[in-house]
Protein chains: 2
Amino acid sequence: MNTISDLTSPSVFIGKQGNGIISFGSGQPDLPPPENVLNKFKVRSDLRYGLIQGEEILRDRLSEEYTASNVNNFVITNGASEALDLIFRAMEDGKVLVPRPYYYSYPFILKRTGMEPIYTDLNKGRIDLADFKKKIGDCKAILINSPSNPTGRIESLETLKEIERITEELGVYIVSDEVYKDIIYERENYLIQGDQVITVNSFSKTYAMCGVRVGYLWSADQGFVNKVINLKTHTSMNTSLVGQDMAIEAMKAPRSYIDKQLKIWRKRRDLIYKGLKDIGLDLWKPEGAFYVFPRIEKPRQFVWKLYQDYNVITYLGEWFGSPQRVRLSYALKREEIEEGLNRIEDCLENMK
Amino acid sequence: MNTISDLTSPSVFIGKQGNGIISFGSGQPDLPPPENVLNKFKVRSDLRYGLIQGEEILRDRLSEEYTASNVNNFVITNGASEALDLIFRAMEDGKVLVPRPYYYSYPFILKRTGMEPIYTDLNKGRIDLADFKKKIGDCKAILINSPSNPTGRIESLETLKEIERITEELGVYIVSDEVYKDIIYERENYLIQGDQVITVNSFSKTYAMCGVRVGYLWSADQGFVNKVINLKTHTSMNTSLVGQDMAIEAMKAPRSYIDKQLKIWRKRRDLIYKGLKDIGLDLWKPEGAFYVFPRIEKPRQFVWKLYQDYNVITYLGEWFGSPQRVRLSYALKREEIEEGLNRIEDCLENMK
């Protein structure tokens, strides 16, 4: 990166670390995976192809978490990314309603799979039901993400149930990206239900194993599941058996593993939320995931100067469809968050 | 499967095993992976995202096998399947010349990525240079596969060099699927070279680790490599780090590991080739990979009867673009090949 116009995507910050850099960039847990995924883990001796749909024992274990489900409802994928890609390749064409701001890969994946994204702007980080109702009739699907990256917000149960009702009535798919389902501060997770629902999930955030790339999709629509399996037969075949075995091990971790992590996330959330408020920034209180998404005046100059002069990485809101804001991940140690906040305050002072 | 018309794709035989079934179906080694991939293998403790392009140490190790290469020329993928899928998604549109018979996923992947397959019929299992020259001018790429699945044939050095020369002149890509490069009986492997070359490869066949799903592509065209990386950033992110670590370990296996396997493959090749000849079938002598592709009268009836009455699985040639033939994989123990040959002979007797 040489000039401010090089700030084109999160990938410009890849490999920027060390040398006193504090990165609020990367969207992944810094906490350790469950013990049994690491030290005690044994690689199976039979490394021949597995079922394209995924290992039955893993799908069986997952089916315990989903109401009225069985092994046929799941396809294990190379992370949630591949699940999303396969879902929209299976749909082939049509419009998809995308709440904006959105996870930055959504528009790219939709366009590259032949779908057409249309947008509904969030109201204070939540779906605007009036606008949703106006636009959903034209669509083949709505893609929701609660808890949301980048907003850190969750949708209310009322909204989720209203979306369930309307999409069911219209025969529109809900694609629900729930990769942050185990990082919610305000209530229990609510699993969206219905014949039109396709859920996308992952072991990455819950078990801190992003690099192993194991995710999955769930659907009650057997015809749709079969379309996805048929695609995956040709595009990547089974998801890594060793990764799936690690996911099976991860699911054996006690509930206390997740609870302990949630406690840490909550403390960090409180720290960064208060810190940014005290600096005078306008932001929503995060209710899930590990992102804050404050409004910033001159966000491009801020992200550029903060990196160049203060060694702090943040992501431009425009990459997520929200040019007035900046995204900060708080997947960082307490001291780093505190030091980062100090540098942000200094940077903003110097921009006045 | 209830009737002969259910013979629609190799997937109809998935899960058919045990109960005395002999399967000449599955295209994967039955031999064991290198020892160091299994018992001594330790899972890394940091499971955070890796580089989309793949682990640098693995790309560095691979670059030693490719003339005038460096780490920038490689992208590590979820098997050769994902490499092919990404390559053609990156090309976006255009015609691709495909020698027929072909690996059965090729037409599917080409159509689903927006490419148009056009075919050149092989002559005795080898590329017909006259037909190739007639058709290549209209194409964006040719997709070659030597050693070939399903034919077991390899192209001559003269043909490969002529294809190199013509595609270079026309600015057409060669996509060279070389997953069987370490299973060649007739000569050393020849690595196709040139600015227009994109090589697809895998650890699956060489190291008997199909289910781990680690493959890669190589290209000297940095712009093309970057397009693939950009796509993979959104469609699946890094290939499983644990799979990549296993691939790094596999590459430490001594050359004797590969030589020993090749010796076994050659014995099996000789056994099945002679066996089918003795039965009176018309087939090419396999020069690489582990398939034979004999002509069969009434192939649908043969595959059906052989499975129903003799408990033997074979694949229809029509799935590979060759309706007069049947594919048999000889990734089986000697005794199973012998017993399978006996049953095939009985079946053919009974069809007279």
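Modeller: Start with the residues that touch: Ile57(A), Leu58(A) and Arg61(A) in H2(A) meet Gln244(A), Ala247(A) and Ile248(A) in H8(A). Contact here means that C-beta atoms, placed from the backbone, lie within 7 Å. Helices (H or I, at least four residues) and strands (E, at least two) are DSSP runs, numbered from the N terminus. This is a predicted model: local features need pLDDT of at least 70, side-chain atom pairs count only at pLDDT 80 or more, and totals for chains, interfaces and linings use all residues. Residues are numbered from 1 along each chain as its sequence is written, while chains are lettered from A and ligands numbered from 1 in the order in which they are written.

By class, the contact of H2(A) with H8(A) has four nonpolar, one polar and one charged residues. Ala, Val, Leu, Ile, Met, Phe, Trp, Tyr, Cys and Pro count as nonpolar, Asp, Glu, Lys and Arg as charged, and the others, Gly among them, as polar.

Now the geometry. H2 spans residues 56-63 of chain A, and H8 spans residues 241-250. Their axes come within 9 Å and cross at roughly 35 degrees. Axes are lines fitted to C-alpha atoms, for helices over the stretch in contact, and angles run from 0 to 180 degrees between N-to-C directions. The crossing is left-handed: the near helix is turned anticlockwise from the far one by less than a right angle.

Next, the surroundings. In total, 36 residues of chain A are in contact with 36 residues of chain B.

Notes. Two residues are in contact if their C-beta atoms, placed from the backbone, lie within 7 Å.
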